[in-house]
Amino acid sequence: MKALVGILMSAAALATLSGCATTAAGPSPAPTVTATVTASPAPRSPSDALTALDAWLACAAAERANYGLQNPGTVFAPYDASNVKAEADGSFTVQVNFQPPGGTAQNPVYGAIASCVVKGTVSEPDIVSIGETDLG
């Protein structure tokens, strides 16, 4: 902040020396300097409850380990908050969409949905149930 004030004062001094600092009405008003401070998010504790994104990531990781490793090239859809529902008991019902590799015009591959129920904490997410629905 002091550096900014110093720069502004130096600019005003330069303008005065060049004869441009005053008008018939007097000196120009000094600009107003404001600073915006953005607080950093608090670090999460391992014992914090899961968020919707945490639950989705746990389900997606489990499905990648289960289906994705057996079928290289599987494309998983990105996170979409509409695919995660918070339940009254603190758990989350999650859907992760994915497209298996392969398929042709004569034999298309339609994809699948992994459905999970996830609860727990940041350090210990618990996938209560997981299943797949083939869309083909």
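User: Which residue stands opposite Ala112 in β7?

Analyst: Two strands pair if DSSP finds at least two bridges between them. Here, Asp134 of β7 is the residue opposite Ala112. The model is a predicted one, in which local features need pLDDT of at least 70, side-chain atom pairs count only at pLDDT 80 or more, and totals for chains, interfaces and linings use all residues. Residues are numbered from 1 along each chain as its sequence is written, and side-chain values use heavy atoms, with hydrogens and water left out.

User: How many bridges join β6 to β7, and how many residues lie between them in the hairpin?

Analyst: Strand β6 and strand β7 (residues 125-134) run antiparallel and are joined by nine bridges. Four residues separate the two strands of this hairpin.

User: Which residue of β6 is the bridge partner of Val96?

Analyst: Val96 has Ala114 as its bridge partner in β6. Strand β5 (residues 92-99) and β6 (residues 112-120) are antiparallel, with seven bridges joining them.

User: In what order do the elements run from the N terminus on?

Analyst: Helices (H or I, at least four residues) and strands (E, at least two) are DSSP runs, numbered from the N terminus. The protein has two helices and seven strands, in the order α-β-β-α-β-β-β-β-β.

User: What percentage of the residues is buried?

Analyst: Buried means under 20% relative accessible area, exposed over 50%, and partly exposed in between (1.4 Å probe, protein chains only). Of the 136 residues in the protein, 21% are buried.
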